[in-house]
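Please keep the sequence and the coordinates at hand while reading.

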Amino acid sequence: MILLVAFISFIVRFLKEDDRPKVVVVLKTLDKEYWRIFKAGTEKAFHDFDIDGKVVAPDSAYPITKQLNMLKAVVKENPDALIVTPSNPSLTIPVLEEFKQKHIPVLLADTDFKWTDKTAYIGTDNLELGKTAGALLGSMLQPGDQVALIGGISDEPVFNDRIKGAKQTLEDAGIEIATEQSGYDDTGHVKSVMENILQTYPDIKGVIAVNDLIALDALKTIEKQGTKLPVIGADGITEMVKYIEKGDLDATVAQNPYDMGYLSVKQALKAIKGDSVEKRIDSGIDLITQDNAKDKLDFLANAVNLR
């Protein structure tokens with residue numbers, strides 16, 4: 001009888017788990033802290049909503065064929081929903097069409113693109129983030145001051161929108177953009193351009209970078225030169241927040257990758273159930289200052305274990 005009860009309990013538990021919605025998240029990579037924060041948000045949502053979920057990602061974002069091959073493998077698993085942060089939108093569409101043919105909801109996160117059959121986009125309004133970064137830097141400067149913008153890969157809409165928003169706000173404030181350069185090389189790795197910028201444009205008063213990895217590289221170069229300039233990043237990763245906590249930076253803007261991941265899973269579940277899903281969900285922007293830097297670091301330590 002004891003064995004029978006144990007066997008029946010096992011079968012009931014197995015069937016219950018098997019009935020859980022299956023959601024697969026395919027990220028660009030997991031070799032950067034930003035994406036590990038995103039992953040932590042999805043895993044919290046898996047637990048909260050009793051979802052049979054998993055997160056997969058290539059060991060690096062390049063070459064982009066790595067993510068495409070993962071998506072081709074996932075479609076054969078027939079999940080109930082897919083969440084993807086596409087590395088190359090145009091090349092990703094043909095694979096996503098296969099999910100559509102199987103009536104699998106596809107939710108885009110972090111990186112949006114024009115594909116009429118997406119269920120939803122969950123992420124940052126990157127044009128607004130750029131405007132906020134421009135306003136923040138502009139508040140530290142005077143009209144006529146010069147700044148440098150360090151962008152990303154030229155065909156990356158996320159980075160392009162951030163630069164566009166920053167330029168608009170800075171120019172409206174009378175701030176002169178002395179130079180705009182890319183912070184990535186042809187292989188998608190961060191390249192150091194700050195030393196050349198300081199030599200060529202010695203009068204610049206501040207820097208906006210399209211993400212924290214580029215911003216941190218610029219900060220370290222500025223420190224080596226023995227000077228101090230405000231540098232605005234975008235992602236709110238641990239090392240950047242520590243600069244603010246120590247007083248080495250006044251402030252920066254940040255995305256919310258944890259919320260982005262959590263909200264993506266929540267919306268995927270709604271799509272699986274056939275509930276109405278908003279086409280576009282803004283995961284918000286944070287302003288990180290010394291007043292809230294410690295709270296941000298504590299959150300990363302407790303929720304994401306990244307401190």
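Strand β8 covers residues 204-209, and five of its six residues are buried, so the strand is mostly covered, where buried means under 20% relative accessible area, exposed over 50% and partly exposed in between, with a 1.4 Å probe and protein chains only. Helices (H or I, at least four residues) and strands (E, at least two) are DSSP runs, numbered from the N terminus. The model is a predicted one, in which local features need pLDDT of at least 70 and side-chain atom pairs count only at pLDDT 80 or more, while totals for chains, interfaces and linings use all residues. Residues are numbered from 1 along each chain as its sequence is written, and side-chain values use heavy atoms, with hydrogens and water left out.

β8 belongs to an open sheet of four strands in the order β7-β6-β8-β9, with parallel pairing; two strands pair if DSSP finds at least two bridges between them. The edge strands are β7 (176-182) and β9, each of which pairs on one side only. Between β6 (residues 146-151) and β8 there are five bridges in the parallel sense, and Q146 has I204 of β8 as its bridge partner. β6 also pairs with β7, in the parallel sense over six bridges, with I150 opposite Q181 in β7. I208 stands opposite I232 in β9. From β8 the chain crosses through helix α8 (residues 212-224) to β9 in a right-handed β-α-β crossover, that is, with the strands pointing away from the viewer, the path from the first strand over the helix to the second runs clockwise. Helix α5 (residues 126-138) lies across β6, β8 and β9, at about 160° to β8. Axes here are lines fitted to C-alpha atoms, for helices over the stretch in contact, and angles run from 0 to 180 degrees between N-to-C directions; contact means heavy atoms within 4.5 Å.

A further open sheet has six strands in the order β2-β1-β3-β4-β5-β11, with parallel pairing. β2 (52-56) and β11 (280-282) stand at its edges with a single partner strand each, so one side of each has no neighbour in the sheet. Direction ignored, neighbouring strands of this sheet are turned by 15° against each other on average. β1 (residues 22-26) pairs with β2 in the parallel sense over five bridges, and V25 has V55 of β2 as its bridge partner. Helix α2 (residues 33-48) packs on the sheet and touches β1, β2 and β4 (106-109), its direction making about 170° with that of β2.

Helix α4 (residues 89-101) bends by about 30° at V95, the bend being the angle between axes fitted to the seven residues ending there and the seven starting there. Its residues P89, T92, V95, L96 and F99 are buried, and the buried residues of α4 pack against α3 (65-75), β3 (81-84) and β4. H103, which follows α4, has a positive phi near 60°.

Strand β10 (residues 251-254) pairs with β12 (residues 286-289) in the antiparallel sense over four bridges, and A254 has D286 of β12 as its bridge partner. A251 and V253 point one way from β10, T252 and A254 the other way, and all are buried. In helix α10, the buried residues include P257, Y258 and M260. G274, which follows α10, has a positive phi near 85°.
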